[in-house]
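Reader: Hello! Could you take me closely through one part of this model, the helix that matters to its pocket lining, and tell me what surrounds that part?

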Amino acid sequence: GYWLAEATTISGSKPKFRQMEWLLKKLACLYYATDELLADAAAFTAVAEQAVAEEMAFMLQDALVNGNGAGKPLGFLAAPCLVTVTKETGQGADTIVKANIDKIWSRMWAPSRLNSVWLINQECEPQLAALEAPAGTGGIPAYMPPGGLADAPYGSLKGRPVIAIEQAAAL
């Protein structure tokens with residue numbers, strides 16, 4: 001796109017492309033069973049399927065968050081596009097303050113806000129529950145816990161779901 005004055009010409013340009021090679025890997029799970037377990041195939045199958053599904057879901061989620069890209073996906077925490085926000089001056093170690101949330105939110109690409117989520121370690125929940133936004137002589141909660149005013153299955157910050165995951169690092 002160009003902004004042009006009247007009677008000016010456009011200089012042509014070409015988009016730049018690059019060739020990418022996708023080397024696909026597969027995620028596999030090994031489950032050991034004794035002959036005795038295999039004899040009770042109906043019950044064993046249900047337990048094995050659930051255990052394998054849970055392990056594979058954990059491994060995939062962990063790779064998407066923390067993966068190093070070596071034989072597995074590059075997680076967003078290791079991606080070169082990662083945006084970080086520094087803590088406040090004088091802020092204690094291992095703490096969350098409302099200004100952190102506000103700064104993180106302001107760094108998010110605006111069109112992504114409508115379908116974004118906050119991924120946290122569950123150890124953060126007590127600190128989130130204590131956050132307030134000043135209002136008059138008091139404050140209003142910055143974090144809405146699950147089952148709060150919206151009766152949602154997740155807590156929310158800035159109107160977006162807060163999801164506790166095992167793969168998120170503790171403070």
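Author: Happy to. Helix α3 gives the largest share of the lining of the largest pocket, 4 residues. Helices here are DSSP runs of H or I with at least four residues, strands are runs of E with at least two, and both are numbered from the N terminus. Please keep in mind that this is a predicted model, in which local features need pLDDT of at least 70, side-chain atom pairs count only at pLDDT 80 or more, and totals for chains, interfaces and linings use all residues. Residues are numbered from 1 along each chain as its sequence is written, and side-chain values use heavy atoms, with hydrogens and water left out.

Let's start with the pocket itself. The largest pocket holds about 1,400 Å³ of space. A pocket is an open set of points, on a 1 Å grid over the protein atoms alone, where a 1.4 Å probe fits, with protein on both sides within 12 Å along at least five of seven lines; lining residues have an atom within 4 Å of a point. Its volume is the space filled by probe spheres set on the points, which are joined across faces, edges and corners. The lining counts 34 residues, and those closest to the pocket centre are L77, V83, I104, W118 and L119. Two elements give two or more residues to this lining: α3 (98–107) and β1 (118–120). By residue type, the lining has 24 nonpolar, 7 polar and 3 charged members. In this count, Ala, Val, Leu, Ile, Met, Phe, Trp, Tyr, Cys and Pro are nonpolar, Asp, Glu, Lys and Arg are charged, and the others, Gly among them, are polar.

With 45% relative accessibility, L77 counts as partly exposed, a class that lies between buried (under 20% relative accessible area) and exposed (over 50%), using a 1.4 Å probe and protein chains only.

Side chains of opposite charge can pair when their charged atoms come close. A salt bridge here is a side-chain nitrogen of Lys or Arg within 4 Å of a carboxyl oxygen of Asp or Glu, and the count comes to 3. In one of them, E88 pairs with K103, with the closest N and O atoms 2.7 Å apart. That pair links distant parts of the chain, as E88 is in the loop between α2 and α3 while K103 is in helix α3, 15 residues apart. Both are partly exposed, E88 at 22% and K103 at 36%.

D102 takes part in a salt bridge with K98, again with the closest N and O atoms 2.7 Å apart. Because D102 and K98 are 4 residues apart in helix α3, about one helical turn separates them. D102 also meets K158 in a salt bridge, at 2.9 Å from N to O. K158 lies in the loop between β5 (155–157) and β6 (160–164), so its pairing with D102 in helix α3 ties together parts that are 56 residues apart in sequence. Through shared partners, K98, D102 and K158 form one network of salt bridges.
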